[in-house]
Amino acid sequence: MSHSALIYGIGFLAQIFFSARTILQWIKSEKARKIVSPASYWLLSVAGSWLFFIYGWLRDDFAILFGQFISYYIYLWNLGWKGIWQKIWLPVKMVLLATPVAASAMVLSDGQAFVSRFIMNGDVSIGLLLFGSAGQVIFTFRFVYQWLYSMHRKESLLPLGFWIISLAGSAAIVAYGVFRLDPVLILGQSFGLAAYARNLVIGIRSNRIKKGGDSDEN
C-alpha cells in the first residue's frame, strides 16, 4: 500500500465513523419525531475525531487540525453526561485525553518547523488556508454552542442552532475540499448536508407540535 493510499484510508475511516454517527442519530430522531442526542453519536464522534486528527497531521492540513482541537474535548464531555466515559477502560481514557496534549507539545517544541510544515508548506495558499480554517471554525463552533446549551440545561442535547451552524460550516468545508482536491472532505461533508437539513426540519416540526400542545393545555 502506498503512503498516500494509507493516509486517505485513515481519512475515509474517520469519515465512516462521522457518517455512522450522523446516520444513527438521524434514524433515532426520525423514530422519536424529535431531535435526540444518543450516546452512540458521541462515541463515534470521539473515534472519528481521533483518526481525523491523525489524517490532518499526515496531510499537513492546519485547518483540519484546528477544527479537531476545538471539538475533541466537547465530545468527551458529552460522553461523561451520557455516563459512558466512566465505563471506558482507564488506559484508553489516558490515550484519549493525552493525544491532543501530546500533539500540542510536539508543535510547541519546534514552532518554526510547524509553521513551515502547516502554514507555509506551498501546497495550500494562505488565502485558502484562512478560508478552510474559517469553515472549520464555523463547523466546530456548533459543538461549542451545543456544549453551552447543554451546560445551561444540564443535559446533553442537540438544539436547532446546532443544525443551522452545521449546514453553514459544512458548505464551507465542501468548498474548501473542492479547492484542496480532497475527496475525504468532499464526500464526508456532502453526505452530512442532507442529514443536517433533515434534522433541522425534524426540530422545527417538533417545536411546533410542542408549542401547539402547550397552547391546548392552556
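View 1. Thr 22 lies in helix α1; helices are DSSP runs (H or I, at least four residues), numbered from the N terminus. With a relative accessible area of 6%, Thr 22 is buried; buried means under 20% relative accessible area, exposed over 50%, and partly exposed in between (1.4 Å probe, protein chains only). The model is predicted, with local features needing pLDDT of at least 70 and side-chain atom pairs counting only at pLDDT 80 or more, while totals for chains, interfaces and linings use all residues. Residues are numbered from 1 along each chain as its sequence is written, and side-chain values use heavy atoms, with hydrogens and water left out.

**View 2. The largest cavity.** The structure holds two cavities of 30 Å³ or more, and the largest has a volume of about 200 Å³. On a 1 Å grid over the protein atoms alone, a cavity is a set of points where a 1.4 Å probe fits but cannot get out, and lining residues have an atom within 4 Å of a point. Grid points are joined across faces, edges and corners, and a volume is the space filled by probe spheres set on the points. Of the 22 residues lining the largest cavity, Phe 18, Arg 21, Phe 139, Arg 142 and Gln 189 lie nearest its centre. Two or more lining residues come from each of α1, α3, α6 and α8, and α8 gives the most, with six residues. The lining divides into nine nonpolar, 11 polar and two charged residues; Ala, Val, Leu, Ile, Met, Phe, Trp, Tyr, Cys and Pro count as nonpolar, Asp, Glu, Lys and Arg as charged, and the others, Gly among them, as polar.

**View 3. The second largest cavity.** About 60 Å³ of space lies in the second largest cavity. Ser 49, Trp 50, Phe 53, Gln 68, Phe 69, Tyr 72, Thr 99 and Pro 100 line this cavity. The elements giving two or more residues to the lining are α2, α3 and α4 (90-109). The lining of the second largest cavity has five nonpolar, three polar and no charged residues.

**View 4. The largest pocket.** The largest pocket has a volume of about 470 Å³. Of its 19 lining residues, the closest to the centre are Ile 35, Tyr 149, Leu 157, Leu 158 and Asn 207. A pocket is an open set of points with protein on both sides within 12 Å along at least five of seven lines. At least two lining residues come from each of α6 (126-153), α7 (160-180) and α8 (183-217), and α8 supplies the largest share, five residues. By class, the pocket lining has eight nonpolar, six polar and five charged residues.

View 5. Arg 33 lies in the loop between α1 (3-32) and α2 (39-58) and has a positive phi near 60 degrees. At 70% relative accessibility, Arg 33 counts as exposed. Leu 181 lies in the loop between α7 and α8, where its phi is near 55 degrees. Leu 181 is also exposed, with a relative accessible area of 67%.
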